[in-house]
Amino acid sequence: MFCDFQDGTYVKSPSDKLTYGTMMFVRVVILQDMAGYMSKAATISIRYSAVRRQSELKPGEPEPQILDYTTQQYKLFPNLAACFALRFNAAWLWNMYNSVTAELEEGDLDRLPELHALSCCLKAVCTADVAHGVETCRLACGGHGYMTCSSMPSIYGLVTAASTYEGENTVLLLQTARYLIKAWQQAVGGMALTPTVAYLKHAVTGNTGLRRWENTAECIVRAHQQVAAGKIKMCADNMDRRIRGGISPEDAWNMTSIELAQCAEAHARAIIVNRFVETVAELIVSDALKTVLTQLSELYGVYWLLQKSGDFLMYSDVTSQDISSLQKWMEQLLAQIRPNAVGIVDGFDICDEILSSALGCYDGRVYERLFEEASKSPLNKEPVNISFQKYLKPFLKASL
């Protein structure tokens, strides 16, 4: 973007916008990395949950695999779905980056703002989601998840760092919000919109598409877009109200910044859900695989709808009467994914050497590997440590 020659001469890029190129590249790569880390955490926690048995689900029956508990499925399966959502969105954004880069070389800067806005909000939302997702997977492994040999602590440390490097997440969301406010103003003015914000046209015209809710992928996508559009409209209205009241545009922006960050997050989720659903629909794969991927895409959308139910009740087709139906749908999806969960993570094809986890090993020998790892400690070289004979045993005898 800028050239520093050997003699120290500094030559500025023809356009300030080109300086975003390297940052956008790194953010796209971060998205790909997050998909990999989330896949590792999901693999470890799901394999462990298929080996670990605990408590009697029914009196007198053998202890079930903890993966049979609905609460465990609720912790793990949305994060399993997130692995695919991240992969598909990362691939889509990578293709868009390459396309826009080629256009830049021809002097066409038209799509650069859209790419910049997308790379900002997707990086922010996905890194935050993966940090929370990895921690959830770690907690789902109980105390063993905190052991170094589980690999969960190292994965968690790597993903949490991503929330601040190459742009702190709140700052990035506000960068996207600037683009969204401009897009809203363009929509109000009847101007053409880029594909990723085209849904704003319905909010501007009042044709929000409100209709009777149905538990379908199409309704999930539309509802996420309605929420994003509603939040963007609210931010634009609040900004205008404050400016008309005599507040400077800069102060009005700062006063509205909480809502602005939230509208950028809603926009990112609408993009992620839409790309997930559309990619699965376009895939040419076997019917069995298409069914599993469809279940995962629906689970991802329903999970976030229920997580943000207040927003959906405010802005989308969803009514309070639909929440119980959505909860039941999510529980059905969890049960449908359960028989294939281990096979899905096996399909990630992460070898044991890369996974480096006693809990997530392919052969399922969790406890043997935990014992092997514990045996590596210098404190465990002897069956009974010498300190017991020298100090603890005499102390115990003296206490009798």
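## Close-up views of a predicted helical chain

**Figure 1. The largest nonpolar core.** The largest nonpolar core of this predicted model has 124 residues, a nonpolar core being a set of buried Ala, Val, Leu, Ile, Met, Phe, Trp, Tyr and Cys residues joined through side-chain atoms within 4.5 Å. The residues with the most contacts inside this core are F77, L80, F84, L122, L200, L296 and Y300. Helix α2 (residues 70-105) supplies the largest share of the core, 17 residues. Here buried means under 20% relative accessible area, exposed means over 50%, and partly exposed lies in between (1.4 Å probe, protein chains only). In soluble globular proteins, nonpolar side chains tend to be buried together. L200 is in contact with L180, A183, W184, A187, L193, A229 and I232, leaving aside its neighbours within four places in sequence; contact means heavy atoms within 4.5 Å.

**Figure 2. The chain as a whole, for orientation.** The chain contains 16 helices and two strands; helices (H or I, at least four residues) and strands (E, at least two) are DSSP runs, numbered from the N terminus. The C-alpha trace spans about 85 × 70 × 50 Å along its principal axes. Of the 400 residues of the chain, 46% count as buried. Among the contacts with a separation of 6 or more, 69% join residues 24 or more positions apart. The mean pLDDT is 92, and 94% of the residues reach 70 or more; pLDDT is the predictor's confidence in each residue, from 0 to 100. Among the elements, helix α13 (residues 341-346) has the highest mean pLDDT (98) and strand β1 (residues 3-4) the lowest (52). Residues are numbered from 1 along each chain as its sequence is written, and side-chain values use heavy atoms, with hydrogens and water left out. As this is a predicted model, local features need pLDDT of at least 70 and side-chain atom pairs count only at pLDDT 80 or more, whereas totals for chains, interfaces and linings use all residues.

**Figure 3. The surroundings of R47.** R47 is found in helix α1 (residues 20-51). This arginine counts as buried because its relative accessible area is 7%. Not counting residues up to four places away in sequence, R47 touches V345, D346, I350, D352, L355, L359, G360, C361 and Y362. Two of its neighbours are approached through polar atoms. The side chain of R47 makes a polar contact with the side chain of D346 (2.9 Å). A polar contact is a pair of N or O atoms within 3.5 Å; within protein, one must be able to donate a hydrogen and the other to accept it, and residues adjacent in sequence count only if both atoms are side-chain atoms. The backbone oxygen of G360 lies 2.8 Å from a polar atom of the R47 side chain.

**Figure 4. The salt bridge between R222 and D317.** R222 forms a salt bridge with D317, with the closest N and O atoms 2.6 Å apart. The pair links distant parts of the chain, 95 residues apart: R222 is in helix α7 (residues 217-244), and D317 is in the loop between α11 (309-315) and α12 (320-337). A salt bridge is a side-chain nitrogen of Lys or Arg within 4 Å of a carboxyl oxygen of Asp or Glu. Side chains of opposite charge can pair when their charged atoms come close. R222 is buried, with a relative accessible area of 12%, and D317 is buried at 5%.

**Figure 5. R275 and E278 in helix α9.** The side chains of E278 and R275 meet in a salt bridge (2.9 Å, N to O). The two residues are separated by about one helical turn because they are three residues apart in helix α9 (residues 257-282). R275 counts as buried at 15% relative accessibility, whereas E278 is partly exposed at 32%. Leaving aside its neighbours within four places in sequence, R275 is in contact with N89, W92 and E282.

**Figure 6. Further charged groups.** The structure holds 14 salt bridges. In one of them, the side chains of R111 and E103 meet at 3.3 Å, N to O. R111 counts as partly exposed at 28% relative accessibility, and E103 counts as partly exposed at 21%. D129, E265, R269 and K308 are linked in a network of salt bridges.

Figure 7. An unreviewed UniProt entry places the feature "domain: Acyl-CoA oxidase C-terminal" at residues 218-397. UniProt positions are given in the numbering used here, feature names are shortened, and annotations may be inferred rather than shown by experiment. Over residues 218-397 the chain is 77% helix and 0% strand, and the end C-alpha atoms are 73 Å apart.
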